[in-house]
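I opened my notebook for a friendly look around one protein chain.

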Amino acid sequence: MYFSIFSPTFYSLYIISIYLDSCCFLCFQVCVSVRKLISATSEPPDSSKRASYGAAGCGNPKSVRVRGPPTKTITQLNVSYFSKVLDALKKEKREIIQSYGFGSLLLFDKCCIPLPFARWVVDHIQVSSSAIVVNNRSIPLSPQTVHDVLGIPIGGHTIRKGDAENGKGAFLNGMNLTTLPSAKFFGDNLSKDNISDDDLVRSFLIVALVTFLCPNSNVHPSTEYLQPLVDVKKAKEWDWSEFVHYWLLKQIKMYNDQMKRLDHASITMGGCLYIVCVSTIFMYIFFEICSSCFILCLFSYINTNFFCATSGLS
């Protein structure tokens with residue numbers, strides 16, 4: 001098939017091909033920018049530092065190895081297990097969870113969160129200003145950010161101001177338990193056919209909180225967020241976005257404090273690292289789009305006007 005260079009079909013195909021090339025190049029630019037930024041702002045820990053100390057009353061210097069900050073970082077963020085639980089949920093159970101106001105969590109798609117990248121992002125979070133700051137670029141972290149990324153309820157009762165101990169007792173009574181089991185117990189609960197709607201949603205939210213939303217150094221639920229799960233039908237009336245944001249900053253502050261200490265070889269990085277990673281990637285996509293949008297708009301303007309001027313010649 002032959003197209004005139006001045007035909008509408010030719011210009012439509014030409015414009016589409018240019019825009020596809022631009023999109024591919026933009027993605028490449030984002031990857032390169034993030035890689036360069038990490039390389040430029042990362043300083044590998046110098047574990048080879050040594051200090052010389054003179055023994056008291058002696059002139060013989062003694063070489064002593066100085067232990068630096070912990071270099072091994074671990075996290076209980078377990079998107080693999082959370083995704084496995086989601087995949088095992090039947091349609092009717094998904095509909096129940098959605099009816100309780102937490103359907104957005106069911107949309108989570110398993111993805112890999114590289115721990116080195118997550119640690120790099122956390123190292124650039126300023127807890128005092130609640131923002132990710134890199135090269136004078138700031139990404140605010142707020143309850144609204146949590147809601148935008150995860151879609152969980154925002155507004156309502158403040159969870160962290162609740163009575164943790166009374167909430168724990170009422171939660172255990174409601175679940176017919178005497179002690180708090182691990183997240184796996186609640187994950188296994190979800191596979192039962194005779195589970196009540198309330199227990200289904202409680203178990204699902206515990207798994208989500210321990211493994212994804214509010215992980216810390218423990219695989220057991222925290223008593224801080226159990227009170228909203230007592231009357232779980234009203235759980236959506238609590239400010240979960242504010243609590244996840246509060247938990248994230250609290251865990252990062254603990255991480256920063258542990259990094260200053262020299263008495264452990266590894267530390268735990270808690271909080272929903274998914275939020276900070278997504279926010280960082282989104283920022284660089286946004287900046288790359290902003291830097292390229294003028295060229296793309298100019299290209300579109302030129303092609304549109306040129307097409308209008310020459311379409312009558314075909």
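This is a predicted model: local features need pLDDT of at least 70, side-chain atom pairs count only at pLDDT 80 or more; totals for chains, interfaces and linings use all residues.

**Notebook: pairs, spaces and a threonine**

**Entry 1: exposure of Asp-193 and its partner**

Asp-193 is exposed, at 66% relative accessible area. I then asked which side chain Asp-193 meets in a salt bridge. The partner is Lys-90, with 3.7 Å from N to O. This pair links distant parts of the chain, 103 residues apart. Asp-193 sits in the loop between α7 (183–189) and α8 (197–213), while Lys-90 sits in the loop between α2 (79–88) and α3 (91–99). I noted Lys-90 as partly exposed, at 43% relative accessibility.

**Entry 2: other salt bridges**

How many salt bridges does the count come to? I wrote down 7. As background for myself, side chains of opposite charge can pair when their charged atoms come close.

Next I looked up Asp-188, whose side chain forms a salt bridge with that of Lys-184 at 3.2 Å, N to O. Here the two partners are both in helix α7, and because they are 4 residues apart, about one helical turn separates them. Asp-188 is partly exposed, with a relative accessible area of 40%.

Then I turned to Asp-198, which meets Lys-233 in a salt bridge of 2.9 Å, N to O. Is Asp-198 buried or exposed? I found Asp-198 buried, and the reason is that its relative accessible area of 19% falls under the 20% cut-off.

**Entry 3: the second largest pocket**

I moved on to open space. The second largest pocket holds about 250 Å³. I found 13 residues lining this pocket, and the closest to its centre are Lys-84, Val-85, Ala-88, Gly-187 and Ser-191. Both α2 and α7 supply at least two residues of the lining. Which element gives the most to it? My note says α2, with 4 residues. By class, I listed 5 nonpolar, 2 polar and 6 charged residues in this lining.

**Entry 4: the enclosed space**

I then searched for cavities and found 1 of 30 Å³ or more. The largest cavity has a volume of about 50 Å³. Its lining is made by Phe-102, Leu-105, Ile-152, Leu-205, Leu-209, Leu-213, Trp-240 and Val-244. I noted α8 and α9 as the elements that give two or more residues to this lining. The largest share, 3 residues, comes from α8. How do the lining residues divide by class? I counted 8 nonpolar, no polar and no charged residues for the largest cavity.

**Entry 5: Thr-280**

My last stop was Thr-280, in helix α10 (residues 273–310). Thr-280 counts as buried, at 2% relative accessibility. Where does its side chain find a polar partner within the backbone? I saw the backbone oxygen of Val-276 at 2.8 Å from a polar atom of the Thr-280 side chain. Leaving out residues up to four places away in sequence, I listed the contacts of Thr-280 as Phe-117, Trp-120, Val-121, Ile-132 and Ile-139.

Terms used:
Residues are numbered from 1 along each chain as its sequence is written. Side-chain values use heavy atoms; hydrogens and water are left out. A salt bridge is a side-chain nitrogen of Lys or Arg within 4 Å of a carboxyl oxygen of Asp or Glu. Buried means under 20% relative accessible area, exposed over 50%, partly exposed in between (1.4 Å probe, protein chains only). On a 1 Å grid over the protein atoms alone, a cavity is a set of points where a 1.4 Å probe fits but cannot get out, and a pocket is an open set with protein on both sides within 12 Å along at least five of seven lines; lining residues have an atom within 4 Å of a point. Grid points are joined across faces, edges and corners, and a volume is the space filled by probe spheres set on the points. Ala, Val, Leu, Ile, Met, Phe, Trp, Tyr, Cys and Pro count as nonpolar, Asp, Glu, Lys and Arg as charged, and the others, Gly among them, as polar. A polar contact is a pair of N or O atoms within 3.5 Å; within protein, one must be able to donate a hydrogen and the other to accept it, and residues adjacent in sequence count only if both atoms are side-chain atoms. Contact means heavy atoms within 4.5 Å.
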